[in-house]
Amino acid sequence: EEKKAAGWFSSWWGGGAKKEEDSTGGDIKKQFEAAMTPAEKAKLFQAIGYQENDAPTELPEHYIAQILEFELNSLEVSIKSELSDKETVLDRVMLLELKNVVCGVQQRPSAAAMKASLGMQELTISGLRQGDILPIMVKSQLEGSKTLLDVTFETNPEDKLCDQRVVVTSRPLHIVYDAETIIRLAKVFQTPRTATISQLTDAAAEKLVNIKERSATGLQYAIAKHPRLELNIDIMPSYIIIPHGGIFACRESVLVLSLGKLLVHTEPRPIHQRDVQTMHGEGIGQEEILSEIIRQSYDKFVLEVRDVQAIVATIDEDWQGTLRVNTVTEMHLLEPTSFRVSAHLCVIDDDPRLPKCKIFGVLPSVNVSVTEQRVLEMLSIVSSIPLPESDEQLQPAPIAKDSNVFSSSLSLLKYLDEKQVKLPKIHRSPEALNPTDAVDGDVVQ
């Protein structure tokens, strides 16, 4: 007999009927789960055009669902030294200040895209105070712009010209070499050093790489899976000032090195390229097809540096105005020079037929203008700068007698002794016995 679902009291409230519905519903659910295996679920999703973890299609691609903004008004990082005579007060060797840093992130779920941006308004690095002078080693030169550095990284941009895009823009930096700060920093970060022969002769670890040749179809598949990168970097020329005596107070001669304007960009791969099937249908041979696919296997980067120059200026000469107008003057040691470098990086790293990197460079000309006065002034500036001195002497470890170096030394000495025996004897004249005339007293017969 079937057991009763409930007693007589619960039947007044319909408890028996509810239990029967729950039992029936549970059986249907179990039957559905048993029938809907992963294979059947995949067939169902394919039939209705649904894919798990796919981007939502009900939203337009330009719709921004998530926005994150972060702002840092000021950040200070200081390096202090306890080398001072005062035990309770530490000397501040260097202070780095970042001001008005803004970071933002935007997400577009329909396009599976993200955009991150970073902006920094001001960067200042001050050195060790020396009396009444506080040297400013690094200072921003905005030149009418609102930000010093702008960085943008974007995936799947709206124009669909690439898969990833990086844009970097930077304004110039005023960099001054301060000798006392550099010397104190060297002492702060100084660590004990030892040198042994074993450290110099350690073998490097070897890395095994699986090397295999791919067919044209395999190369095309690897190229298609590699994301297309668009890179645009524009960094304005920063300059380094090396003052006479190692401290910059605008009252001394200086050696100025302008690093030039740095431009880096990519030559993006075309979106629609000739594939293997199309070229095979056109009747192109196998070797030509393979060479065309190999040509498409490289990301191309172009690095260009414009107007690198070196200037030696005395106290009363306007070197800053010379850098702004970018004209050649008698202060120049190295006149404005530009060069261009192209780097082709292979997207496939395990095919022995494809070089991993190809470098092409163009240097139109190098003009060096040298006068005696400028050279002497430059040597005076360089020799007047104090340099860090190491208090600890480097003690090399003794060489073991059974080492290869010691064996080689013994073999060399033995060889020299044998050669010395075979040399003709030297007869000295009586005048050569006088130490004062020993220079001219040797006669070889």
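Colleague: In which loop is Val366 found?

Modeller: This is a predicted model, in which local features need pLDDT of at least 70 and side-chain atom pairs count only at pLDDT 80 or more, while totals for chains, interfaces and linings use all residues. Residues are numbered from 1 along each chain as its sequence is written, and side-chain values use heavy atoms, with hydrogens and water left out. Helices (H or I, at least four residues) and strands (E, at least two) are DSSP runs, numbered from the N terminus. Val366 is found in the loop between β14 (357-362) and α9 (372-383).

Colleague: What accessible area does the nonpolar surface patch with Val366 have?

Modeller: Val366 counts as partly exposed because its relative accessibility is 47%; buried means under 20% relative accessible area, exposed over 50%, and partly exposed in between (1.4 Å probe, protein chains only). A patch is made of residues with over 30% relative accessible area and no salt bridge, where like charges are joined within 9 Å and nonpolar side chains (Val, Leu, Ile, Met, Phe, Trp, Tyr) within 5 Å. Areas come from the Shrake-Rupley method with a 1.4 Å probe, and for residues only the protein chains shown count as cover. Leu303, Phe339, Leu363, Val366, Val368 and Val370 form the patch, and their accessible area together is about 510 Å².

Colleague: Is Ile385 buried or exposed?

Modeller: Ile385 lies in the loop between α9 and α10 (404-422). Its C-alpha atom is separated by 9.4 Å from that of Glu180, 205 residues apart along the chain. Because its relative accessibility is 13%, Ile385 counts as buried.

Colleague: Which residue forms a salt bridge with Lys261?

Modeller: Lys261 is partly exposed, with a relative accessible area of 23%. The closest N and O atoms of its salt bridge are 4.0 Å apart, and the partner is Asp234.

Colleague: Which element gives the most to the lining of the largest pocket?

Modeller: A pocket is an open set of points on a 1 Å grid over the protein atoms alone where a 1.4 Å probe fits, with protein on both sides within 12 Å along at least five of seven lines; lining residues have an atom within 4 Å of a point. About 430 Å³ of space lies in the largest pocket, and of its 17 lining residues the closest to the centre are Glu143, Pro237, Tyr239, Leu323 and Arg324. β12 (298-313) and α8 (319-325) each supply at least two residues of the lining. With four residues, the element that gives the most is α8.

Colleague: In which strand is Asp307, with its positive phi, found?

Modeller: Phi of Asp307 is near 60 degrees, a positive value in a residue other than glycine. Asp307 counts as partly exposed because its relative accessibility is 28%. The strand in which Asp307 is found is β12.

Technical notes:
A salt bridge is a side-chain nitrogen of Lys or Arg within 4 Å of a carboxyl oxygen of Asp or Glu. Grid points are joined across faces, edges and corners, and a volume is the space filled by probe spheres set on the points.
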